[in-house]
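Please read this briefing alongside the sequence and the model. It moves from confidence to strands and then to the metal site.

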Amino acid sequence: MKKLHLPVVAILTFLLVLTACGGAAAPSTAINVTMTDFQFSPNDFTVPAGQEITLNAANNGSVIHNFVIMKLGQSAGTSFGDEDLPNVYWQIELQPGLSKTTTFTAPKDPGDYEVVCRTPGHLEAGMKARLTVVAGK
Ligand SMILES: [Cu+2]
């Protein structure tokens with residue numbers, strides 16, 4: 001039994017260090033996303049608040065996909081509908097098989113922002129991600 005203790009302590013220490021460093025990946029002003037039927041890959045992005053972000057998006061799926069960032073504190077819930085439109089911070093639509101590079105200004109307020117695909121049925125299928133906005137230094 002004692003042999004188990006050292007690895008456990010090492011793992012816990014590692015997790016503590018990660019937490020101390022902020023947990024999520026370092027913020028980047030250039031992010032890449034690949035959309036397929038029906039997910040975002042990766043599904044977690046970290047960007048610095050208020051800065052111009054370059055988004056390289058590719059739709060490798062067989063249908064239209066969207067990268068929709070909801071406003072802070074807003075969620076599209078289980079299904080994206082017209083009632084969610086006023087709560088959209090920024091969005092792009094991408095035809096199947098295409099890639100596109102665009103830019104947007106990251107929200108000025110740090111926090112976790114919901115990212116969804118608004119094509120009917122896709123959020124229901126789990127097409128969702130998270131944009132983490134962190135304060136600049
Ligand atoms: Cu989609």
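The points below are grouped by topic.

This is a predicted model, in which local features need pLDDT of at least 70, side-chain atom pairs count only at pLDDT 80 or more, and totals for chains, interfaces and linings use all residues. Residues are numbered from 1 along each chain as its sequence is written, and side-chain values use heavy atoms, with hydrogens and water left out.

**Confidence**

- The protein chain averages a pLDDT of 88, where pLDDT is the predictor's confidence in each residue, from 0 to 100.
- A score of at least 70 is reached by 82% of the residues.
- Over residues 11-22, pLDDT stays under 50.
- For residues 11-22 the model has one contact beyond four places in sequence (contact means heavy atoms within 4.5 Å).

- Strands (E, at least two residues) are DSSP runs, numbered from the N terminus.
- Strand E1 covers residues 30-36.
- Its covered face holds Ile-31, Val-33 and Met-35.
- Ala-30, Asn-32, Thr-34 and Thr-36 make up the uncovered face of E1.
- In a regular strand the side chains alternate between the two faces of the sheet.
- E1 pairs with strand E4 (residues 52-59) in the parallel sense, over six bridges; two strands pair if DSSP finds at least two bridges between them.
- Within E4, Asn-59 stands opposite Met-35.
- Strand E2 (residues 39-41) runs antiparallel to E1, with three bridges joining them.
- Ser-41 in E2 stands opposite Thr-34.
- E1 and E2 form a hairpin, with two residues between them.

**The five-stranded sheet**

- Five strands form an open sheet with mixed pairing, in the order E3-E9-E8-E5-E6.
- Strand E3 (44-48) and strand E6 (88-94) are the edge strands, and each pairs on one side only.
- From one strand to the next, the twist averages 20° (axes are lines fitted to C-alpha atoms, and angles run from 0 to 180 degrees between N-to-C directions).
- E3 and strand E9 (residues 128-134) run parallel and are joined by five bridges.
- Pro-48 stands opposite Val-134 in E9.

**Strand E5**

- Six of the six residues of strand E5 (residues 65-70) are buried, so E5 is largely enclosed by the rest of the structure.
- Buried means under 20% relative accessible area, with a 1.4 Å probe and protein chains only; exposed is over 50%, and partly exposed lies in between.
- One side of E5 carries His-65, Phe-67 and Ile-69, the other Asn-66, Val-68 and Met-70, and both faces are covered.
- E5 and E6 run antiparallel, joined by six bridges.
- Trp-90 in E6 is the bridge partner of Ile-69.
- Two bridges join E5 to strand E8 (residues 111-116), also in the antiparallel sense.
- Val-115 in E8 stands opposite Ile-69.

**Copper site**

- His-65 (ND1), Cys-117 (SG), His-122 (ND1) and Met-127 (SD) coordinate the copper ion at 2.0 to 2.6 Å.
- Donors are N, O and S atoms within 2.8 Å of the metal (3.2 Å for Na, K and Ca); water is not among the atoms, so sites may look incomplete.
- The copper site is tetrahedral, with angles of 92 to 134° among its four donor atoms; four donors count as tetrahedral if all angles lie between 85 and 135 degrees.
- Ideal angles for four tetrahedral donors are 109.5 degrees.
- The donor residues are spaced H-x51-C-x4-H-x4-M in sequence.
- His-122 counts as buried because its relative accessibility is 5%.
- Met-127 counts as buried too, at 0% relative accessibility.

How values were computed: Helices (H or I, at least four residues) and strands (E, at least two) are DSSP runs, numbered from the N terminus. Four donors count as tetrahedral if all angles lie between 85 and 135 degrees; four count as square planar and six as octahedral if opposite donors are over 155 degrees apart and all others between 65 and 115; anything else is irregular.
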